[in-house]
Amino acid sequence: MSEEVAVATGGRVSRGWVATPGRWLLRAALAFFLLNIAAIVATVVLDSFGTRWFGGWAPHGYTSHYYSWAWQQFGLPRVLFVTGVVAVGVAVIALLVGAPAAYILARRSFPGKRVAWAMFLLPLLVPPVTYGIPLATLLYRLGIGGSLLGVLVANLVPSVPLVVLALTPYVEQIDPTLEGAARACGARTSQVFRRVLAPLLLPGLLSAGLLVLVQTIGMFELSFFTAGPTDQTLVVALYYALWAPGIRPPQAIDAMAVIYMLLCLALLFTALRFVSPTQMVAQVKDNRK
Amino acid sequence: MTRRQTDGTFEELRLKEISRHFGRLAAVNKVSLSVRSGEFVALLGPSGCGKSTALGCVAGLIPLTAGEIWLDDSRVDTLPTERRDFGMVFQNYALFPHLTVARNVAFGLEVRGVKRSVVAERVEWALSMVQLADYEDHYPAQLSGGQQQRVAIARALAPHPRIMLMDEPLSNLDAKLRLDMRSEIRRLHLQLGLTTLYVTHDQEEALSVADRIVVLKSGQVMQEGTPEEVYSRPANSYVADFMGYRNIVEFDVTEHSDSSVGLSGHGITLRGSAVGGVAGPTAVAAIRPDDVVFGDETSANAFPLRVTAAQYQGREMAFEGELPDGQILFARSTVRVQPGDTVAVNVPADRVLVYATDDRAAKSPTRAKVPAS
Amino acid sequence: MSAAPSYGDAVTIAPIGSLRGRLKARGIDRGLLLAVPAMVFVVLLFVYPFLYGLMLSFQPQHGDAFASYRQFFSDGYLRATIWNTLRLALPVAVVNVAGAMAVAYPLRKARRGRQALSTAFIVPITFGTVLVSDGMLTYLGPNGWLNQVLQDIGLIHSPLVLIHNYWGVFISLLITGFPFAFLLSLSHLTGIDPAFERAAAALGASPWQRFRRVILPLWAPGIGITFCLLFMLAFAVFPSAELVGNPSSTTHVLSIAAYFEAYERYDYSMACAITIVAALVELLIVAVVLTWRARAYHGASTVGKG
């Protein structure tokens, strides 16, 4: 039991903001990086409200006209509907399918467990085009390519493994004796799951679900290969608009980009209430909160 | 890059009113202490008393908020940890998992730029000191807890530190191993004459390894003295409680001359010897369970005890009894007793230590009154 | 991933020596059925398409089984996609990981700074390459803010060409990849018990020695993984290579070539051959890094006890 919490290495000096030139250089580089990101976001927002912007620091005038233009011309109601259905659908299905597997992988040892692990890891390891293109071909053959269902199915491929990976540490930290205790009290298997495991796993399910939502909304490749002209997700619609510019006013494209940005931010800040930033990239539970 | 290798000789390590605050909390509060060369000093106290923080301050791992640390005529608290030439053994050992045992032990020498042949020699010596000569090529993960502990000690010994700092080195070991390592640490100290500052919460451990014990409470020194002094003459009721005086009971003072104090209350009268000044109408008596002995009803300090609970503990019984008014007293006996028995006991007057009443003792849970049944 | 002894399993009493009893003893029982739906999903949606793609790649429109592969490697324009992809992915991964290490290391003790930066960095990750590319088109364009500022302060005389070329894709990958690298390497760094650094200091190691001899070796496995993930992320580059790159020459990467073959020329065999080559090249580099990592690494980065 060492009672010290904060431990600084070194003497009384050399702490806090008294830093070396090298450290200041790093801070400057970091500030430059973040400044550029902020500027990139700012240009998109500013341009979406501009009447015209050819050179100069800011647009010549401001209007919200392009939002209504984008809303109609890009068919955004449909696009947002598709995006929402796909994201929520994928999250729900991935949780239903992935959670039991995560439980088994966390709790049990059985022959072939390593193979099972590899199977769940591999979809996250190979580039999405590698399985995306043949999968899209198969889905078109089955007649669901180019539809909302096809986009949903394709997005399940990285999502089920994501749930398994994100959830296993949550299962591992639940004391196995709790399940034994529930059984000793006379609970049946289904009751153990419903009354003991599910409530304890709720934070894990929530964060895994949010991770899948964030991933699916941002997933470009798989949605792009499987999306038809009427069933695009927002990121795919944005890509198409950017890919064939000229025929549409750039402000309208930026207006769509702003809408996408707002959707991402809303989801992100919801997610950050339940998961740490680290968890969002590494899918590992951050215990050092 | 070769750095000065100290010969390790110095007269005295002095902590001058060192303090360390964490926010508003004073983890270490104006602690002064001097340690002579070759001495083994234990910092003793319950968890949260600031003993580990104090050790961290000496090591330079925790910056001081106030105060100074001197080694003879040179000030060390302004030096970073790595320039102090102190060896440290951590509670969780902190053995580098990516290095073999030999490389772990060699670490402190390698970073000082010591010649390879010397390093090899020293590693061999340090490992033989802790009887782990055959484990050079093992990785820490392959060792048992006790072996890891020995490697940690060897690693701290190898650079010939001026002072050895040990932070609860035995608290992660099981009971039997703890006893073995305790005598091992004592043996090493005697053999090498290394100045040692040792942190522990275990009073028995402190008594058996240290030349001198410093008892801390809330970051302040409560008592400083040899193990005998601290054990038999605790300076206050707090130290007494910590040193195993389980019975801390408040009495009325009936008479008071020099060190001898007459007490009454809870239906009995008692004579005790005052430690520090006893003033005021009440005082606190501290009695070890072992000092409550059977028989001799004619002695001045004899009183009856009604046994309420008894536990068989092998060689003796530990039991709880009630004084006539229901006050609980803990005692031990080699004779078998049973709940319901009333036994005649007495406590030698020089083993009843009387302290001035203080708030802490008044709130002590051991004094909670149990309704007489 | 060790399996804890589970008291939660349904206790099925089976006669000793029966098949069920013997299987149970090896850990096989009905409980495992819980993992079946997820396995079925992976097999149907990943393994089967993957094998289907592999098969397609050996069924070219013309010629023998290896015709698609032969054509890929004999056609200079197609063959160059491997180089074009690696030329982006490897430097981006190296720069991002090195930069992330430099930024993360001084932050290992600053809890508040860590939290603020982590949150700031998660934003560009969430936006993704498509949105970042959109912003770059305006911001980094010849009339964009960056070129205006640089010209106004006299650093350059004519606008820098930062989009529709190699650098455009490089920058887009830097922007989306760096936060990734930072968060991952920081999480590995903070996972190293600070006691090791303290112990090293107590043994006389200077700040540099502590980094070089203790932190770096313990951090290396995490850095290896971070590098692999960053590399994989950059290797799969697609939308930004098209939007802010020069997709017909310098940023004609594997994904773009595969997409073009599949959806513009309808040569699925060639498209699948390209994706198989892409997967092999990627896994080869990942395997090299992981092998090095396994060799360099002994022990764990946390203290075993206490």
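The questions below concern the cavities of a predicted model.

In this model local features need pLDDT of at least 70 and side-chain atom pairs count only at pLDDT 80 or more, while totals for chains, interfaces and linings use all residues. Residues are numbered from 1 along each chain as its sequence is written, chains are lettered from A in the order in which they are written, and side-chain values use heavy atoms without hydrogens and water.

Colleague: How many cavities of 30 Å³ or more does a search of the whole structure find?

Modeller: A cavity is a set of points, on a 1 Å grid over the protein atoms alone, where a 1.4 Å probe fits but cannot get out. A volume is the space filled by probe spheres set on the points, which are joined across faces, edges and corners. With 30 Å³ or more required, the number found is six.

Colleague: Which element gives the largest share of the lining of the largest cavity?

Modeller: Lining residues have an atom within 4 Å of a point; here they include B:Phe40, B:Ile185 and B:His189. Helices (H or I, at least four residues) and strands (E, at least two) are DSSP runs, numbered from the N terminus. The largest share, four residues, comes from α5(B).

Colleague: How many residues in the lining of the second largest cavity are nonpolar?

Modeller: Ala, Val, Leu, Ile, Met, Phe, Trp, Tyr, Cys and Pro count as nonpolar, Asp, Glu, Lys and Arg as charged, and the others, Gly among them, as polar. The lining includes A:Ile37, A:Met261, C:Phe127 and C:Gly135. One residue is polar and none is charged, and the nonpolar residues number ten.

Colleague: What is the volume of the second largest cavity?

Modeller: Its lining takes two or more residues from α1 (21-48) of chain A and from α5 (111-139) of chain C. The volume of the second largest cavity is about 70 Å³.

Technical notes:
On a 1 Å grid over the protein atoms alone, a cavity is a set of points where a 1.4 Å probe fits but cannot get out, and a pocket is an open set with protein on both sides within 12 Å along at least five of seven lines; lining residues have an atom within 4 Å of a point.
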